[in-house]
Amino acid sequence: QIMAAKFTVFSLSTSDFIEQGEMMSGLRQIGDDSRFTNELIVYSPAFFTFEQSAVIREQTATSLGFAAAAVLLVTFLFLGDVVTVLFVLLMIILVDLMLFGYMSWWNVTLDSISFINMVMAVGFAVDYSAHLAHCFAVHAHSGTRSQRAVYSMQTVGVPIFYGGFSTLLATIPLAFAASYIFFTFFRLLFMTVCFGLVH
């Protein structure tokens, strides 16, 4: 009587996280569809890292949504103006959309490292637009919108630029790192600061 058996399946190598997750899910589905449903275990030591591939997109969207909601609430408490808060939120969304677009251009895949940086980007991006929006909203009775915009840029625009520039300088050593984690952190933080300053 055969109590247990094991056989090995080889696959083509892929470094794409999405393909890895789909391969793992496909193999498990084959196991579920077999007549050994309750007894068959599809396992690989690599599945430990592939697990994130199966949920990374949904988790990224969920985490970014929660981060944006938290930023919306906190900026509303400090700014107090709905229109100003919505403009700040729009800037954050635009920065993250640009990050998603340029990730493929700079060969950064959506994995756990880039996922963490994407969520951190929400916090970095709010810094630049919130200070400018606050200055603009505080001086609501100080002239036309154009005059308030110019005053805001003159008053807090330069300190915001210096803050972003010093952040870029602090991350430049990471550009020469051999580690994937540090190099990915540099790429995404560099883009976050640049897009945040531009917006």
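Predicted model: local features only at pLDDT ≥ 70, side-chain atom pairs only at ≥ 80, totals over all residues.
The crossing of helices α5 and α6 is left-handed.

First, the two helices. Helix α5 covers residues 145-171 and helix α6 covers residues 180-198. Their axes come within 10 Å of each other and cross at roughly 165°. Angles over 145 degrees count as roughly antiparallel, and α5 and α6 are therefore roughly antiparallel to each other.

Next, which residues make the contact between α5 and α6? From α5 we have Ile160, Phe161, Gly164, Phe165, Thr167, Leu168 and Thr171. From α6 they meet Phe186, Leu189, Phe190, Val193, Cys194 and Leu197. By type, the residues of this contact divide into 10 nonpolar and three polar, with no charged ones.

Staying with α6, have a look at Thr184, which lies in that helix. Is Thr184 buried or exposed? Its relative accessibility is 2%, so Thr184 counts as buried. What does Thr184 touch, if we leave aside its neighbours within four places in sequence? The contacts of Thr184 are then Val108, Ile113 and Ser114.

You will find Asn107 in the loop between α3, residues 82-105, and α4, residues 112-138. Asn107 is not a glycine, although its phi is positive, at about 55°. The relative accessible area of Asn107 is 64%. Exposed means over 50%, so Asn107 is exposed.

How values were computed
Residues numbered from 1 in each chain as written. Heavy atoms only, no water. Axes fitted to C-alpha atoms, helices over the stretch in contact; angles between N-to-C directions. Helix = DSSP H or I, 4+ residues; strand = E, 2+ residues; numbered from the N terminus. Parallel < 35°, antiparallel > 145°, perpendicular 65-115°, else oblique. Left-handed = near helix turned anticlockwise from the far one by under 90°. Contact = heavy atoms within 4.5 Å. Nonpolar A, V, L, I, M, F, W, Y, C, P; charged D, E, K, R; others polar. Buried < 20%, exposed > 50% of the residue type's maximum accessible area, 1.4 Å probe, protein only.
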